[in-house]
Amino acid sequence: ELGFRHSILLLPYILVLGKMYFFYQCCTRDPGTISPSNHKQLLKVYMYDGNLYQQSHVCPTCKLAKPARSKHCRVCNRCIHRFDHHCVWVNNCIGALNIRYFLLYLVTLSGMAAAVGTVTIRFLVQVALMSNLHQAMYVNADGEQVPVGILYIVQRLFLTFPRILFMLGFTLLTFFLLAGYTAFHFYLVMTNQTSNEWYKHMNSCQCHMDNSRSDKHMWGNIYHRGIITNVKEIISPERRNRKKSDKRDRN
């Protein structure tokens, strides 16, 4: 009766299934734990920039030399290769081996919020059109009939469907927050940065601007190799690492 196509109604459910799959992958996948068995191989993956990552640094907990771009997570109590952050929502670290699932999780989650919001808005618009709310009139102080505005229509819909309007507001707020966070992580992917590196880089910029600080320094991103190469590194980190380590071993 409202004229919705089945594909539009099924889209949120499809995105929910995709979100649940990627959420499970984020929770259960190894983010890139550094162990004695893979330690030597991971040391060859990235170069030390001499600023954020020093070759002489040893993890006091794991008792292993820290590969470049790695960090010890206090929550998981382990060193993570290409550490991004520890996500409390998936109860796991986000690192080299599960960052792609985390990005897809954010995309499907944002898409689900957008789909639910779109279906809800279309439902309210259809109800307003079928009820001829846009053609309603009211009598002003001069006794003239004046067409109602959008504010009147929203008020009528709110009085009729208060729960749906509250849900729509929450959904839109969630979508914009998720979309911003997703865009931020895609920016990190295209520039080959992690959240941990970006945060430290911002701190280093503040130190550089503060003349009272004696430890001021700037960090240049030596890991940025072009957008396409950066994206490939996220999609297939295991294959890239293996090829790169094999090539260095031959040399």
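Start with α3 and α5, where α3 passes α5 in a left-handed crossing; left-handed is when the near helix is turned anticlockwise from the far one by less than a right angle, and clockwise would be right-handed. Helices here are DSSP runs of H or I with at least four residues, strands are E runs of at least two, and both are numbered from the N terminus. This is a predicted model, in which local features need pLDDT of at least 70, side-chain atom pairs count only at pLDDT 80 or more, and totals for chains, interfaces and linings use all residues. Residues are numbered from 1 along each chain as its sequence is written, and side-chain values use heavy atoms, with hydrogens and water left out.

The α3 and α5 axes lie 8 Å apart, at an angle of about 150°. Axes are lines fitted to C-alpha atoms, for helices over the stretch in contact, and angles run from 0 to 180 degrees between N-to-C directions. That angle makes α3 roughly antiparallel to α5, a label for angles over 145 degrees; under 35 is roughly parallel, 65 to 115 roughly perpendicular, and the rest oblique. The contact of α3 with α5 has 21 nonpolar residues, six polar and no charged. Nonpolar means Ala, Val, Leu, Ile, Met, Phe, Trp, Tyr, Cys and Pro, charged means Asp, Glu, Lys and Arg, and the others, Gly among them, are polar.

Next, α1 against α3. The angle is about 155° and the axes are 8 Å apart, so α1 and α3 are roughly antiparallel to each other. Again the crossing, α1 over α3, is left-handed. On the α1 side the contact (heavy atoms within 4.5 Å) includes Lys19, Phe22 and Cys26, and on the α3 side Phe102, Met112 and Arg122. By type, the α1 and α3 contact residues are 18 nonpolar, four polar and two charged.

Now the cores. A nonpolar core is a set of buried Ala, Val, Leu, Ile, Met, Phe, Trp, Tyr and Cys residues joined through side-chain atoms within 4.5 Å. Buried is under 20% relative accessible area, exposed over 50%, partly exposed in between, with a 1.4 Å probe and protein chains only. The largest nonpolar core has 18 residues, and Cys26, Ile94, Ile99 and Phe102 have the most contacts inside it. Two or more of its residues come from each of α1 (6-28), α3 (99-130) and α5 (162-190). The largest share, nine residues, is from α3.

Last, Asn51, in the loop between α2 (39-43) and β1 (71-73). Asn51 is partly exposed, at 26% relative accessible area.
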